[in-house]
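Here is a short briefing on one protein model. Please look over the sequence and the structure before reading on.

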Amino acid sequence: MKADARLTALAETVRKLLDDPGASGRPAKIVLFATLPSTADRLAAFLRPKLGPAVERHSERDAAWQRFLHDPACRVLVCDRQAEDGLNLQGVRMILLHYDLPFAPNRIEQRMGRLDRYGVGQPVRSFALGFRGGILEGAWADCLDTGFGVFEQSIASL
């Protein structure tokens with residue numbers, strides 16, 4: 001899938017997830033993870049013109065991302081691997097969207113732990129953007145899901 005088509009699919013997916021009130025009827029917030037900082041920067045730059053002030057970029061240098069936690073109008077937080085440790089985003093209805101899937105299953109669990117640290121509250125809804133024509137990426141996503149079960153349970157004991 002070409003990069004432009006993948007970004008367009010991402011924007012459509014984000015819009016659908018934001019428009020879905022879910023079982024609680026409360027609007028969700030989306031935490032979008034990409035592995036590389038340059039990818040996360042590109043995703044934030046692509047989404048901002050489409051979603052406006054609803055998008056914030058996480059950065060360890062800049063606390064502006066905290067607006068995501070406190071401002072109901074800010075509904076998308078774009079993160080890179082630096083946010084996989086130490087970031088606490090529990091509380092409101094959150095959805096985790098993986099733009100890419102790291103090749104270490106425990107990093108996916110780390111991402112999920114940012115939204116549901118202790119397994120209390122609502123289960124984290126976690127989605128991965130699909131890869132058309134990417135045989136390796138599709139096989140890895142299937143292995144993570146059906147092999148490790150990383151999207152359904154803790155794999156800390158592995």
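**Helix α2 and the fold around it**

Helix α2 has 15 residues and spans 20 Å from its first C-alpha to its last, close to the 21 Å expected at 1.5 Å a residue. That expected span is 1.5 Å times one less than the number of residues. This is a predicted model: local features need pLDDT of at least 70, side-chain atom pairs count only at pLDDT 80 or more, and totals for chains, interfaces and linings use all residues. Residues are numbered from 1 along each chain as its sequence is written, and side-chain values use heavy atoms, with hydrogens and water left out.

**Sides of α2**

- Thr39, Ala40, Leu43, Ala44, Leu47 and Leu51 are buried in α2. Buried means under 20% relative accessible area, exposed over 50%, and partly exposed in between (1.4 Å probe, protein chains only).
- These residues lie on the same side of α2, because they cover an arc of only 130° around the axis. The arc is that of the directions from the helix axis to the C-beta atoms.
- An α-helix has 3.6 residues a turn, so residues three or four places apart point the same way.
- Exposed Ser38 and Pro49 sit on the face of α2 turned away from its buried side.
- Threonine 39 belongs to helix α2. Its relative accessible area is 13%, so threonine 39 is buried.
- Leaving aside neighbours within four places in sequence, threonine 39 contacts Ala34 and Tyr99. Contact means heavy atoms within 4.5 Å.
- Glycine 52 follows α2 and has a positive phi, near 65°.

**The sheet**

- Five strands form an open sheet in the order β2-β3-β1-β4-β5, with parallel pairing. Two strands pair if DSSP finds at least two bridges between them.
- The edge strands are β2 (55–57) and β5 (125–128), and each pairs on one side only.
- From one strand to the next, the twist averages 20°. Axes are lines fitted to C-alpha atoms, for helices over the stretch in contact, and angles run from 0 to 180 degrees between N-to-C directions.
- Strands β1 (residues 29–33) and β4 (residues 94–98) run parallel and are joined by five bridges. Leucine 32 has leucine 97 as its bridge partner in β4.
- Helix α2 (residues 37–51) packs on the sheet and touches β1, β2 and β3 (76–79). The direction of α2 makes about 160° with that of β2.
- Helix α4 (residues 105–113) also packs on the sheet, touching β1, β4 and β5. The direction of α4 makes about 150° with that of β4.

**Phenylalanine 127**

- Phenylalanine 127 is placed in strand β5. It counts as partly exposed, because its relative accessibility is 31%.
- Not counting residues up to four places away in sequence, phenylalanine 127 touches Leu17, Ile95, Leu96, Leu97 and His98.
- Phenylalanine 127 and threonine 13 are 114 residues apart along the chain, with 9.7 Å between their C-alpha atoms.

**Whole protein**

- The protein has five helices and five strands. Helices (H or I, at least four residues) and strands (E, at least two) are DSSP runs, numbered from the N terminus.
- From the N terminus on, the elements run α-β-α-β-α-β-β-α-β-α.
- Of the 158 residues, 43% count as buried.
- Among contacts between residues at least 6 apart in sequence, 68% join residues at least 24 apart.
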